[in-house]
Structures are given as C-alpha cells and as structure tokens.
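Dear colleague,

I am handing over to you the structure shown below.

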Amino acid sequence: MYTQGLDSLGKDCLRDETRDGAALESRFQARVDAEEKIEAKDWMPEAYRRTLIRQISQHAHSEVVGMLPEGNWITRAPSLKRKTILIAKVQDEGGHGAYLYSAAETLGVARAELVDQLLAGKAKYSSIFNYPTPTWADVGAIGWLVDGAAIMNQIPLCRCSYGPYARAMVRICKEESFHQRQGYEIMLTLARGTEAQRAMAQAALDRWWWPSLMMFGPTDTDSKHGAQSMRWKIKRFSNDELRQKFVDTTVPQADYLGLGVPDPELAWDEAAQHYRFGPIDWSEFERVLAGHGPCNRERMEARCKAHEEGRWVREAAAAWAAKRSAVAMQAA
C-alpha cells in the first residue's frame with residue numbers, strides 16, 4: 001500500500017548528487033502542481049517531509065487518544081446493540097492510528113519514536129479529546145460533531161500530494177462516515193425520547209459545539225503552516241473554509257433534531273448563502289492545547305499506563321520475531 005507507484009525522480013536524484021537544490025525544488029513543485037503523487041522514495045524538500053511527519057503523527061496520536069472518551073462508555077452503553085456498535089467504533093479508531101503510524105514510517109521516522117514523543121508530552125494531539133463525556137449523549141455528540149468535523153478535514157486528505165497518506169485516508173474516511181452516522185442516530189433517538197433525554201442531547205450539543213469548531217485549527221490569519229501546506233497540496237482547503245462548510249452542513253441537522261445551536265449570533269446570510277456565527281474563544285483553545293484542559297492529565301496518564309501494561313506484548317513479539325529470524329538463517 002505504501003510503496004506503489006515510485007517514479008524515476010528519486011532514482012535520478014541518487015544518480016546525480018550535484019543537481020542544484022533549487023532545480024530539484026522546482027521540479028518537485030511542478031509535480032505537485034500537476035497532481036502527481038509524491039512517493040516515499042521520491043526526492044522531496046526536507047521541510048515537506050517534516051511537515052508531513054508533524055501532521056501525520058498528530059493525526060495518528062489523535063486517533064489513539066480519541067479512543068479514550070468513548071471507550072469509557074463501552075461497559076455502560078444502554079443496550080447490547082449500542083455496546084457492540086461502540087466497541088466496533090473504538091476498534092476502528094485504533095486501526096486508524098496504526099494506518100497513520102505506518103504512513104509516517106515511510107518518511108523515515110520510527111513508530112516507537114513518535115509514540116515516545118506523545119508519552120513524553122512533546123507531541124500534540126487534537127484538543128477535542130481533552131473534554132469529558134459525562135453522559136451517554138456525549139457519545140452521540142462526539143460521533144455527530146467531532147467525527148463530522150473530522151470528515152470535513154479528512155476527505156480532502158484523500159487527494160493529499162503524498163501518496164501513502166492519501167491512500168491511508170481512503171479507508172479511514174469510509175469508516176469515519178459510519179461513525180458520524182451512528183452518532184447522529186444516537187442524538188436522533190434521544191431527541192425523540194423523553195424530556196430528560198432531549199435535555200441530555202441538548203446539553204451534549206452545548207458542550208461540544210464550540211470545541212468542534214476549534215478542531216479546524218486557528219483562523220487563516222493565525223495559521224502558521226496553512227499557506228505552505230496548501231501550496232504543497234497536503235491541504236486542499238483553509239481552516240476557515242472547512243469550518244464554514246461544517247457550520248453550513250451541521251446547523252440544518254441540528255434543526256432537524258429540534259436542538260438549538262448554542263450561539264446567539266448564529267444567523268443565515270442570504271447574500272453570502274452561509275451561516276454567520278459568533279466569535280470563537282481562542283484563549284480556551286490555546287489553554288487546552290497547552291495541556292490545561294479538563295482531561296489533559298487524565299488522557300496522558302491513561303496512555304502511559306496502557307503503554308506500560310502492553311510492554312510484555314511488545315517484548316514477546318520481538319523475541320518471537322528474533323527466534324524466527326534465527327531459525328530462518330540456520331535453515332539457509
């Protein structure tokens with residue numbers, strides 16, 4: 001999956017080490033502009049490689065940490081059906097992390113190094129997963145809003161200029177679409193239920209609306225990497241474009257549920273054909289991203305504990321692999 005379609009650019013560069021760096025970058029950008037996929041063994045600017053490692057690793061970390069808020073509800077799901085669906089969803093998220101770590105490894109970085117950076121607090125993951133899930137409705141809101149926002153971000157990544165990342169995203173997006181639908185179905189069931197269930201659904205929407213808008217990242221004027229990532233076609237749309245698309249798509253869904261979006265400034269702009277929404281509290285975003293959110297410490301403690309408890313599995317697998325390799329060498 002991650003080594004298909006390697007073209008001759010990388011080989012040419014290996015044969016001609018005297019080639020001018022500016023010419024290499026020009027040719028690289030021309031390939032990107034022509035919608036050609038960049039593959040693992042192709043020449044690429046070091047800044048492009050670093051940007052991809054940062055983005056893909058943060059994405060992988062987010063998928064893995066994102067298992068925690070919902071995994072907390074597996075034993076408390078209200079029915080066997082809900083429990084089965086939630087188990088499948090949490091399992092999917094773990095698989096997404098594995099795909100993405102594999103994609104990052106094609107860029108010459110070890111998975112263990114990336115995981116160590118996360119556990120040491122040196123790597124970031126999505127701030128959205130540092131909020132608590134006090135009720136079952138929060139599981140629905142995460143599926144509907146958080147996974148809905150993720151889909152807005154991730155579908156364009158299927159056309160990312162880096163081939164291994166783009167191909168990993170195809171399956172991830174299909175599974176995220178299932179996650180979004182199951183979340184919305186939970187919210188629909190609650191919204192059509194008792195007054196207490198409707199109130200639970202509304203409270204969950206109130207909690208998750210603004211953090212979901214923050215998921216798209218800083219405004220375009222404050223984004224440090226957005227413009228260059230779009231030039232390299234790692235990203236296809238700006239943060240603000242994706243955020244606006246999410247609002248335009250999600251507000252009618254909330255209306256159908258009979259729930260109110262917690263934004264007194266939300267209004268339809270007929271001329272622009274968009275919903276206008278109120279200001280986002282970016283100070284909260286920065287605070288949570290810096291490690292001071294409601295559940296930052298809890299999430300990292302859980303990841304460190306799971307990593308340590310799984311050490312024997314990794315060691316056993318490594319010992320088995322070494323044994324098999326020794327047997328194969330003796331047979332040869």
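Of the 332 residues of the chain, 46% count as buried, that is, they have under 20% relative accessible area. Please note that this is a predicted model, and that the values given here were computed from it.

Overall form. The chain holds 14 helices and two strands. Its C-alpha trace spans about 70 × 55 × 30 Å along the principal axes. The radius of gyration is 22 Å; a compact globule with 332 residues would have one near 20 Å, so the chain agrees with that expectation.

Contacts and surface. Taking the contacts between residues at least 6 apart in sequence, 77% join residues at least 24 apart. The accessible surface of the chain amounts to about 16600 Å², and carbon and sulfur atoms account for 56% of this surface.

The second largest pocket. I would also draw your attention to the second largest pocket, with a volume of about 370 Å³. It is lined by 16 residues, of which Tyr101, Arg111, Val115, Arg303 and His307 are the closest to its centre. Which of the elements gives the most to the lining? That element is α6, with six residues. By class, the lining of the second largest pocket comprises eight nonpolar residues, together with four polar and four charged ones.

Yours sincerely

Conventions: Residues numbered from 1 in each chain as written. Predicted model: local features only at pLDDT ≥ 70, side-chain atom pairs only at ≥ 80, totals over all residues. Heavy atoms only, no water. 1 Å grid on protein atoms, 1.4 Å probe; cavity = no way out; pocket = protein on both sides within 12 Å on 5 of 7 lines; lining within 4 Å. Points joined across faces, edges and corners; volume = space filled by probe spheres on them. Helix = DSSP H or I, 4+ residues; strand = E, 2+ residues; numbered from the N terminus. Nonpolar A, V, L, I, M, F, W, Y, C, P; charged D, E, K, R; others polar. Rg over C-alpha atoms; globule rule 2.2 N^0.38 Å. Buried < 20%, exposed > 50% of the residue type's maximum accessible area, 1.4 Å probe, protein only. Contact = heavy atoms within 4.5 Å. Areas by Shrake-Rupley, 256 points an atom, 1.4 Å probe, with all protein chains shown as cover.
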